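Here is a short walk through one protein chain. Keep the sequence and the 3D view side by side as you read.

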Amino acid sequence: LFVAVNAHQWGILDAQVNQVKTHDSAQVDSDDLLDIAAVQTFLQGGTVYTLDAEKMPNQASVAAIYRYPVFASA
């Protein structure tokens, strides 16, 4: 996971129903969803990199390389 330094995406993650609600700015009940993504990436064995905003792909605040399990056919 690549995250821009000082980037934030405020919102609420409801893991029970797999829904995310984003906010334009921090609110009383909001979390930084980029922080949640970084923590979850780390907990799942992934690596988190921080980059200056101008070095991010397409000037995005977050980018990822997805890993998929490889299943052997029987």
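The paragraphs below go from the sheet to the core, then to the hairpin and the surface.

This is a predicted model. Begin with the open sheet of three strands. Its order is S5-S1-S6, and the pairing is mixed. Strand S5 covers 49-51 and strand S6 covers 62-63; both stand at the edges. Each has a single partner strand, so one side of each is left without a neighbour in the sheet. Now look at the pairing of S1 with S5. These two strands run in the parallel sense and share three bridges. For a landmark, find Ala4: its bridge partner in S5 is Leu51.

Strands of a sheet pair through backbone hydrogen bonds, either parallel or antiparallel.

Which residues form the largest nonpolar core? There are eight: Leu1, Val3, Ala4, Ala7, Leu34, Ala38, Met56 and Ala63. Two elements give two or more residues to this core: strand S1 (2-4) and helix H1 (33-43). Setting aside neighbours within four places in sequence, Ala38 is in contact with Leu1 and Val48.

In soluble globular proteins, nonpolar side chains tend to be buried together.

Val39, Phe42, Leu43 and Val48 make a nonpolar surface patch of about 390 Å². Val48, a contact of Ala38, belongs to this patch. Phe42 lies in helix H1. Is Phe42 buried or exposed? Its relative accessibility is 61%, so Phe42 counts as exposed.

Turn now to the hairpin. Strand S2 (residues 10-14) and strand S3 (residues 19-23) run antiparallel, joined by five bridges. Within this pairing, Ile12 has Lys21 in S3 as its bridge partner. Four residues sit between the two strands, and Asn18 takes a positive phi near 55° in this hairpin. S2 also pairs with strand S4 (residues 31-32). That pairing is antiparallel too, with two bridges. Here Trp10 stands opposite Asp32 in S4.

Finish in the loop between S1 and S2, where Asn6 is found. Asn6 has 69% relative accessibility and therefore counts as exposed. How far is the C-alpha atom of Asn6 from that of Ser61? The separation is 9.1 Å, although the two residues are 55 residues apart along the chain.

Methods:
Residues are numbered from 1 along each chain as its sequence is written. This is a predicted model: local features need pLDDT of at least 70, side-chain atom pairs count only at pLDDT 80 or more; totals for chains, interfaces and linings use all residues. Side-chain values use heavy atoms; hydrogens and water are left out. A nonpolar core is a set of buried Ala, Val, Leu, Ile, Met, Phe, Trp, Tyr and Cys residues joined through side-chain atoms within 4.5 Å. Buried means under 20% relative accessible area, exposed over 50%, partly exposed in between (1.4 Å probe, protein chains only). Contact means heavy atoms within 4.5 Å. Two strands pair if DSSP finds at least two bridges between them. Patches are made of residues with over 30% relative accessible area and no salt bridge: like charges are joined within 9 Å, nonpolar side chains (Val, Leu, Ile, Met, Phe, Trp, Tyr) within 5 Å. Accessible areas come from the Shrake-Rupley method with a 1.4 Å probe; for residues, only the protein chains shown count as cover. A salt bridge is a side-chain nitrogen of Lys or Arg within 4 Å of a carboxyl oxygen of Asp or Glu.
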